[in-house]
Amino acid sequence: MIALSDVDFSIDEVISKTRRPSMGAVVTFLGTVRDLTDGNEVEKLEFEADTEMAVKELEQIRQEIISRFGVTDVSIIHRTGVLNPGENIVVIAVGASHRDEAFKGCRYAIEELKKRAMIWKKEFLKDRSYWVGGVNDE
């Protein structure tokens with residue numbers, strides 16, 4: 001399951017759709033909006049994406065994980081829109097015969113997603129807002 005969503009997801013549903021009887025491990029990663037960054041209070045985050053390109057890249061990452069780590073399945077759901085502190089951003093579930101492959105696949109998924117997926121994050125602090133990784137502060 002690969003998706004972008006402007007509504008929250010069910011972690012239990014993602015695990016259920018990823019899980020197979022052949023798996024001895026399902027490792028999950030849940031990314032959430034924190035309320036502080038570098039000592040500054042975060043009011044909200046905004047995520048924008050090129051949906052078609054982001055989904056294609058997430059599917060490519062999924063296939064790489066299956067091939068590289070020998071896992072059985074990978075699910076990635078990433079939110080878009082405005083999110084407040086405490087809300088879910090991304091869930092990754094990786095299922096494999098053994099935990100080592102599942103852990104490695106899960107770490108690879110989040111690291112590659114952050115580098116390659118066409119998803120952009122804007123941070124809103126009390127006194128300014130800026131695109132993370134961007135050069136222009138507002």
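1. Which residues have the most contacts inside the largest nonpolar core? In this predicted model, they are Leu58, Ile65, Ile76, Ile92 and Val94, and the core as a whole has 32 residues. Two or more residues come from each of these elements: strands S1 (2–5), S2 (25–32), S4 (40–49), S5 (73–79), S7 (88–96) and S8 (119–125), along with helices H2 (51–69) and H3 (99–116). H3 gives the most, with six residues. As background, nonpolar side chains in soluble globular proteins tend to be buried together.

2. Do take a look at Ile65. Setting aside neighbours within four places in sequence, Ile65 is in contact with Gly70, Val71, Val74, Val94, Gly105, Tyr108 and Ala109. There is also a second, separate core of five residues, including Val14, Ile77, Val91 and Ala93.

3. Next, the packing of the two helices. Two packed helices are described by the angle between their axes and the distance between the axes. For H2 and H3 the angle is about 150° and the axes are 10 Å apart. Angles over 145 degrees count as roughly antiparallel, so that is the description that applies to H2 and H3. The crossing of H2 and H3 is right-handed. On the H2 side the contact is made by Glu57, Leu58, Gln60, Ile61, Glu64, Ile65, Arg68 and Phe69. H3 contributes Glu101, Lys104, Gly105, Tyr108, Ala109, Glu112, Leu113 and Arg116 to the contact.

4. Which charged side chains link H2 with H3? Arg116 and Glu64 meet in a salt bridge, at 2.9 Å from N to O. Arg116 lies in helix H3 and Glu64 in helix H2, so this pair links distant parts of the chain, 52 residues apart. Arg116 counts as partly exposed, at 24% relative accessibility. Salt bridges with shared partners join Glu57, Glu64, Glu112, Lys115 and Arg116 into one network.

5. The structure holds 15 salt bridges, and another one I would point you to is Asp8 with Arg79, at 3.5 Å from N to O. Asp8 sits in the loop between S1 and helix H1 (11–18), while Arg79 is in strand S5, so the pair ties together parts that are 71 residues apart in sequence. The cut-off for buried is under 20%.

6. Arg62 forms a salt bridge with Glu59, their closest N and O atoms being 3.3 Å apart. Both residues lie in helix H2, three residues apart, about one turn of the helix. Arg62 counts as buried at 15% relative accessibility, and Glu59 as partly exposed at 29%.

7. A last point concerns Gly70, which is found in the loop between H2 and S5. Gly70 is partly exposed, having a relative accessible area of 49%, and is among the residues in contact with Ile65. How far apart are the C-alpha atoms of Gly70 and Asn40? They are separated by 41 Å, with the two residues 30 apart along the chain.

Note on methods:
Residues are numbered from 1 along each chain as its sequence is written. This is a predicted model: local features need pLDDT of at least 70, side-chain atom pairs count only at pLDDT 80 or more; totals for chains, interfaces and linings use all residues. Side-chain values use heavy atoms; hydrogens and water are left out. A nonpolar core is a set of buried Ala, Val, Leu, Ile, Met, Phe, Trp, Tyr and Cys residues joined through side-chain atoms within 4.5 Å. Buried means under 20% relative accessible area, exposed over 50%, partly exposed in between (1.4 Å probe, protein chains only). Helices (H or I, at least four residues) and strands (E, at least two) are DSSP runs, numbered from the N terminus. Contact means heavy atoms within 4.5 Å. A salt bridge is a side-chain nitrogen of Lys or Arg within 4 Å of a carboxyl oxygen of Asp or Glu. Axes are lines fitted to C-alpha atoms, for helices over the stretch in contact, and angles run from 0 to 180 degrees between N-to-C directions. Angles under 35 degrees count as roughly parallel, over 145 as roughly antiparallel, 65 to 115 as roughly perpendicular and the rest as oblique. A crossing is left-handed if the near helix is turned anticlockwise from the far one by less than a right angle, and right-handed if clockwise.
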